[in-house]
Amino acid sequence: MIKIHAGKYKGQKINITGIDSTRETASMVREAVFNSLYEVDGKVLDLFAGSGSLGITALSMGASFCYFIDNNFKATKNIKDNLDKLKISNYKVINQDYNFFLKNNLEIFDLIFLDPPYDFKEYKKLLIEVRKVLNLGGKIILEVSSKLDDILIDSLGIIKSKKYGNKKIIIYQGL
């Protein structure tokens, strides 16, 4: 279990997935990410959602709606259970591959969390696709290995890149 660290649901515990391919963003890193955002509002996409902790924290801090996307049924069931436990209703959980979702989605988002699996390699392609569903001025939070260089995309500006142990968080803003 992990705790929500801020907002309306601060201190509430949610279950993690317990899936080997899913890594939970450390509490210190989640807190740093949300401190960097200052405020959270609008529509959120938690892609590669895992336990849903990033999207749930965004809802806790004032996001109007959150889409949770994960291709693992166990993960999406766990997210639904966590949201039901907290009595959150402004969400949609979709058990689907991220590529299929991005190609068929008609929504536009203000904040997008990307925390792909360890073995993910297509970061540049992912950012290009995700940019298509990001509002102008919206933000993308990408979690990668600290060994990777920042990934540059013409239509995204990097507003922060910081290492946290073996992870790096890159915050992009849509241009």
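**Asking why: burial, core and cavity**

In α2, the residues Ser53, Leu54, Gly55, Ile56, Thr57, Ala58, Leu59 and Ser60 are buried. This is a predicted model, in which local features need pLDDT of at least 70 and side-chain atom pairs count only at pLDDT 80 or more, while totals for chains, interfaces and linings use all residues. Residues are numbered from 1 along each chain as its sequence is written, and side-chain values use heavy atoms, with hydrogens and water left out.

Biologist: Why is α2 called largely enclosed by the rest of the structure?

Modeller: Buried means under 20% relative accessible area, exposed over 50%, and partly exposed in between, with a 1.4 Å probe and protein chains only. Eight of the eight residues of α2 are buried, so α2 is largely enclosed by the rest of the structure. The helix itself, like every helix here, is a DSSP run (H or I, at least four residues), whereas a strand is a run of E with at least two, and both are numbered from the N terminus.

Biologist: Why does Glu122 count as partly exposed?

Modeller: Glu122 has 43% relative accessibility, and therefore counts as partly exposed, because that class lies between under 20% and over 50%. Glu122 is found in the loop between β6 and α5 (123-131).

Biologist: What makes a set of residues a nonpolar core?

Modeller: Such a core is a set of buried Ala, Val, Leu, Ile, Met, Phe, Trp, Tyr and Cys residues joined through side-chain atoms within 4.5 Å. The largest one has 30 residues, and those with the most contacts inside it include Val33, Phe34 and Ile56. The largest share of this core, five residues, comes from α1.

Biologist: What makes β4 and β5 a pair?

Modeller: Two strands pair if DSSP finds at least two bridges between them, and strand β4 (residues 65-70) and strand β5 (residues 91-95) have five, in the parallel sense.

Biologist: Which residues line the second largest cavity?

Modeller: A cavity is a set of points, on a 1 Å grid over the protein atoms alone, where a 1.4 Å probe fits but cannot get out, and lining residues have an atom within 4 Å of a point. By that rule Ala32, Val33, Ser36, Lys160, Tyr164, Ile169 and Ile171 line the second largest cavity, and α1 gives the most to this lining, with three residues.

Note on methods:
On a 1 Å grid over the protein atoms alone, a cavity is a set of points where a 1.4 Å probe fits but cannot get out, and a pocket is an open set with protein on both sides within 12 Å along at least five of seven lines; lining residues have an atom within 4 Å of a point.
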